[in-house]
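Please walk me through this model in the viewer, one selection at a time. I would like to know what to pick next and what sits there.

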Amino acid sequence: MRISRIPRRAVAAGAVLAVLLPLSACGGDDDGGSQDTSGKIEGKITFQTWNLKANFKSYFEGLVAEFEKKYPGTDVRWVDQPGEGYADKISADAAADTLPDVVNVSPDLVAPLAKAGLALDLGKVAGKYEKEYLPGAWKSHQIPGTDGTYAFPWYLNTGPLFYNKRLFKDAGLDADKPPKTYDQLFDDALRLAKKSDGKVATLANVPTIEDFGRYGVPLMNKEGTGFTFNDAKGVELLTEYKKLYDAKALDGQALTATPESTGKKFLTEAVAMNPGSALDLEKFKKEAPKLYKNIGITPQISSTGKDNMYVMGVMVNARTKQTPAAVAFAHFVTDARHQMEFAKKVAIFPSTQGSLDDPYFTEQDGKEETRVRVAAAKSIKTAVNYTPVLFSEQMKVELRNAVAKALQGKESPKEALDNAVKNCDRLLSQS
């Protein structure tokens, strides 16, 4: 996927699922596919990435050449699809039975493919590699209600929070001890809003499913048949956000905010905390030296002790005619050495065990890029992917609409979340 500030899983997995439903009865072994990985690694396979060719052409061409040299008799054709419409492309290929042998996916994209029997269970045929990856990354491509793992973990990302030390000091808060948990965040945000007479908000974003996860809300039942974020703890979280909204501790435009608009508010010191990247740090240095002088970096807010990770994976088509070669190449792309090489070309993190202990991720060198990288790498070791793999874009809209109604006082937090869960469960049952 295109790598920008923080990879967002903005893919219409529901659209993929709708097209794949007629195929679900077929299973992964039909139409000539084989799950036997014991054969010779040879033959032609196609590898598809997600909007990576523009910036990383030489890297992937070298990767393919290296694999073909290691395994004579293999022929890897690399194709790259645009970021826009990627889910639709996978949907069309799946329906036409032209899905590539090895595919770059996010967890929410692999879920419908796995349900349709089109994603190879790597836990079953390549489970020996599990120990090479971080536990949270390996689990990210598992589907509730199944025992399988349907993609090798690839690159990870997370984002530390920036905060404005001056605004914290002005509110009488300890600028060297920013909030770590949501309870601390709520207390500090209300105090900051009161001190500034509502002129400075602490946050500019409404809570998402990831916030519910980091607050400790159970999001879905273990069977994968229903959502549970409307439990007492979920209602508690939304109630606290309602208090922030009423006190202007949550920016008044949060309901329609974009990453660009929230970034601008942080830049102009109208918001005290905002997620970001090394690119933003450089921007602050050039465009807002006053802010830059007072910038603080802290991990994501979490009451569970674990941050959220964004994860990409590499899936093998269950119907590939060249299973040994496809599995070998998917593992080759995501092994520790190649992940480390890729991470040094772009601001992402390896999902392999021990890689984050490399000095590249632990030692400062005075550069702003390194300052953010080290801060993020520290938290990603134990991070988890809170967003349920079955939580589609339509479901995200349902939750966002429910949050908006609660913050505006149109529905109580409990009523809003009950309705959101009801609508999300309906969408889930349709799949």
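Is aspartate 231 buried, partly exposed or exposed? This is a predicted model, and in it aspartate 231 is partly exposed, because its relative accessible area of 27% falls between the limits of 20% and 50%.

**Stop 1: around aspartate 231**

Select aspartate 231 and you will land in the loop between helix H9 (209-215) and H10. Leaving aside residues up to four places away in sequence, aspartate 231 touches Val217 and Pro218.

**Stop 2: phenylalanine 229 and the cores**

Now pick phenylalanine 229. With residues up to four places away in sequence left out, phenylalanine 229 touches, among others, Val217, Pro218, Phe212, Phe391, Leu399 and Cys424. In soluble globular proteins, nonpolar side chains tend to be buried together. Here the largest nonpolar core has 125 residues, and Phe60 and Phe229 are those with the most contacts inside it. Helix H14 (residues 323-334) supplies the largest share of this core, eight residues. Another core, of 11 residues, lies apart from it; to find that one, select Phe266, Leu281, Ala288 and Leu291, which are among its members.

**Stop 3: H10 against H8**

Next, show helix H8 (residues 182-195) together with helix H10 (residues 232-246): their axes come within 10 Å and cross at roughly 15°. Because that angle is under 35 degrees, H8 is roughly parallel to H10. H8 passes H10 in a left-handed crossing. To see the contact, display Tyr182, Phe186, Ala189 and Leu190 on H8, then Leu237, Glu240, Tyr241, Lys243 and Leu244 on H10. Coloured by class, the residues of this contact give you seven nonpolar, no polar and two charged.

**Stop 4: H10 against H18**

Keep H10 on screen and bring in helix H18 (residues 393-407). H10 and H18 pack at an angle of about 55°, with their axes 9 Å apart, which means that H10 is oblique to H18. The crossing of H10 and H18 is right-handed. Which residues make the contact between H10 and H18? Select Leu238, Tyr241, Lys242, Tyr245 and Asp246 from H10, and Val403, Ala406 and Leu407 from H18. By class, this contact of H10 with H18 holds six nonpolar, no polar and two charged residues.

Conventions: Residues are numbered from 1 along each chain as its sequence is written. This is a predicted model: local features need pLDDT of at least 70, side-chain atom pairs count only at pLDDT 80 or more; totals for chains, interfaces and linings use all residues. Side-chain values use heavy atoms; hydrogens and water are left out. Axes are lines fitted to C-alpha atoms, for helices over the stretch in contact, and angles run from 0 to 180 degrees between N-to-C directions. Helices (H or I, at least four residues) and strands (E, at least two) are DSSP runs, numbered from the N terminus. Angles under 35 degrees count as roughly parallel, over 145 as roughly antiparallel, 65 to 115 as roughly perpendicular and the rest as oblique. A crossing is left-handed if the near helix is turned anticlockwise from the far one by less than a right angle, and right-handed if clockwise. Contact means heavy atoms within 4.5 Å. Ala, Val, Leu, Ile, Met, Phe, Trp, Tyr, Cys and Pro count as nonpolar, Asp, Glu, Lys and Arg as charged, and the others, Gly among them, as polar. A nonpolar core is a set of buried Ala, Val, Leu, Ile, Met, Phe, Trp, Tyr and Cys residues joined through side-chain atoms within 4.5 Å. Buried means under 20% relative accessible area, exposed over 50%, partly exposed in between (1.4 Å probe, protein chains only).
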